[in-house]
Amino acid sequence: MQRNDSWNGKLEGLQQIAARRGLAIQAVPQPESDAAFKSLLSLWDPIAIVQMEGREGDRHLDPALSGVRPVIYLDAPFEQSTEKLNYVRHDAAAIVRLALKEFIRIGCRHFAYVGSSECVHWSEDKRLAFSRDMKLTGQPLHIFPETYVRQLNNADFTRELTAFLAALPSPCGILAVNDDMAERVLAAAQLAG
């Protein structure tokens with residue numbers, strides 16, 4: 001499995017579960033080829049494989065190469081999620097619904113979404129779920145344009161995000177796709193006053 005900041009909590013949770021069962025989890029970079037995958041299997045001889053990266057375009061491990069070892073994909077994109085694979089996906093609708101309930105509880109009457117800096121399925125899943133919920137409320141959802149997110153350098157991104165936030169009605173509940181984007185939204189909100 002590949003380790004990065006966004007997966008640390010999931011990895012720690014997996015490690016706690018494994019430790020209670022007398023097992024250990026070893027995080028390794030995603031193999032770049034079938035030969036590298038076979039070498040990793042030979043080196044570690046795992047009883048199972050958890051692939052934590054679930055971005056579009058990620059190399060999809062060939063389950064046939066794992067032998068009899070189960071392969072589980074965490075948050076695989078829909079096109080990788082088939083009946084032939086074991087996978088766990090996030091529940092974007094539940095995440096959005098929880099955020100929306102909290103926004104309403106604290107008095108927000110306007111809502112906005114700031115997606116990922118990359119074109120990833122989980123960002124789009126949340127945007128679609130938030131849009132569906134907004135249709136139920138009859139309120140518009142203000143969406144930071146994805147072209148800004150994908151194409152701008154940091155200074156331009158911050159300037160555009162600051163302008164977007166300054167134009168939002170108040171009070172506005174803003175759902176950022178993840179913690180990293182939330183930090184950028186908070187910084188831009190301070191700049192926007």
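Author: Contact means that heavy atoms lie within 4.5 Å. The structure discussed here is a predicted model.

Reader: Leaving aside its neighbours within four places in sequence, with which residues is Leu161 in contact?

Author: Neighbours within four places in sequence are set aside for this list. Under that condition, the residues in contact with Leu161 are Val114, Phe144, Arg184, Val185 and Ala188.

Reader: Which residues have the most contacts inside the largest nonpolar core?

Author: In general, nonpolar side chains of soluble globular proteins tend to be buried together. Here the largest nonpolar core has 29 residues. Those with the most contacts inside this core are Phe111, Phe130, Leu161 and Phe164.

Reader: How many residues does the second, separate core have?

Author: Among the members of this second core are Ile49, Leu65, Val71 and Tyr73. The core is separate, and its number of residues is 6.

Reader: Is strand β4 mostly covered or mostly uncovered?

Author: Strand β4 spans residues 110-114. Of its 5 residues, 4 are buried, and β4 is therefore, with buried meaning under 20% relative accessible area, mostly covered.

Reader: Which residue is the bridge partner of Phe111 in β6?

Author: β4 pairs with strand β6 (residues 172-176) in the parallel sense, over 5 bridges. β4 is also joined by 3 bridges to strand β5 (residues 141-143), again running parallel, and in β5 Phe111 stands opposite Leu141. In β6, the bridge partner of Phe111 is Gly173.

Technical notes
Residues numbered from 1 in each chain as written. Predicted model: local features only at pLDDT ≥ 70, side-chain atom pairs only at ≥ 80, totals over all residues. Heavy atoms only, no water. Buried < 20%, exposed > 50% of the residue type's maximum accessible area, 1.4 Å probe, protein only. Helix = DSSP H or I, 4+ residues; strand = E, 2+ residues; numbered from the N terminus. Pairing = 2+ DSSP bridges. Core = buried A, V, L, I, M, F, W, Y, C linked by side-chain atoms within 4.5 Å.
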